[in-house]
Amino acid sequence: QVQLVESGGGLVQAGGSLRLSCAASGSIFSINTMGWYRQAPGKQRELVAAITSSFSTNYADSVKGRFTISRDNAKNTVYLQMNSLKPEDTAVYYCNANILFGTGTIRGYWGQGTQVTVSS
């Protein structure tokens with residue numbers, strides 16, 4: 001069994017910062033791409049940022065220059081540093097990881113989600 005456990009969400013004023021963490025645990029051989037998605041009420045889930053095992057990154061245009069994704073492969077953990085937060089960043093943030101097992105199987109997993117609320 002694999003679990004992704006997220007932490008770091010909360011309530012912050014506009015212009016503030018938060019740091020999200022997501023740790024993967026279980027019978028993991030290695031982790032390929034890890035990413036953060038978000039879903040606001042009434043909207044579809046969207047990609048915020050992703051990072052490959054070789055540390056290549058990509059970001060949604062709406063967060064470029066404000067958010068930074070990073071990972072610690074030794075800890076199977078991905079982070080999202082969010083600066084200059086705006087009310088439109090308010091959403092439930094979900095961690096995603098593509099995990100490679102020793103059998104050669106690759107499977108995607110989701111975290112439970114963490115609420116980020118930015119007040120104006």
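1. Basis. This is a predicted model, in which local features need pLDDT of at least 70 and side-chain atom pairs count only at pLDDT 80 or more, while totals for chains, interfaces and linings use all residues. Residues are numbered from 1 along each chain as its sequence is written, and side-chain values use heavy atoms, with hydrogens and water left out.

2. Secondary structure. The chain has 11 strands and zero helices. Both kinds of element are DSSP runs numbered from the N terminus: strands are E runs of at least two residues, helices H or I runs of at least four. The pattern along the sequence is accordingly β-β-β-β-β-β-β-β-β-β-β.

3. Overall dimensions. The radius of gyration is 14 Å, which agrees with the value near 14 Å for a compact globule of 120 residues; it is taken over C-alpha atoms, and the globule rule is 2.2 Å times the number of residues to the power 0.38. Along the principal axes, the C-alpha trace spans about 50 × 25 × 25 Å.

4. Of the 120 residues, 41% count as buried (under 20% relative accessible area; exposed is over 50%, partly exposed in between; 1.4 Å probe, protein chains only). The chain exposes about 6,300 Å², with carbon and sulfur atoms supplying 48% of it; the areas come from the Shrake-Rupley method with a 1.4 Å probe. Among contacts (heavy atoms within 4.5 Å) with a separation of 6 or more, 54% join residues 24 or more positions apart.

5. The four-stranded sheet. An open, antiparallel sheet has the strand order β1-β3-β8-β7, where two strands pair if DSSP finds at least two bridges between them. Its edge strands, β1 (2-7) and β7 (67-72), each pair on one side only. Neighbouring strands are turned by 15° against each other on average, direction ignored; the axes are lines fitted to C-alpha atoms, and angles run from 0 to 180 degrees between N-to-C directions.

6. The β1-β3 pairing. Six bridges join β1 to β3 (residues 18-26), and the two strands run antiparallel. L4 has A24 in β3 as its bridge partner.

7. Positive phi. Most residues other than glycine have a negative phi. F55 is not a glycine, yet has a positive phi of about 75°; it is in the loop between β5 (46-51) and β6 (57-59). N76, also not a glycine, has a positive phi of about 50° and is in the loop between β7 and β8 (77-82).
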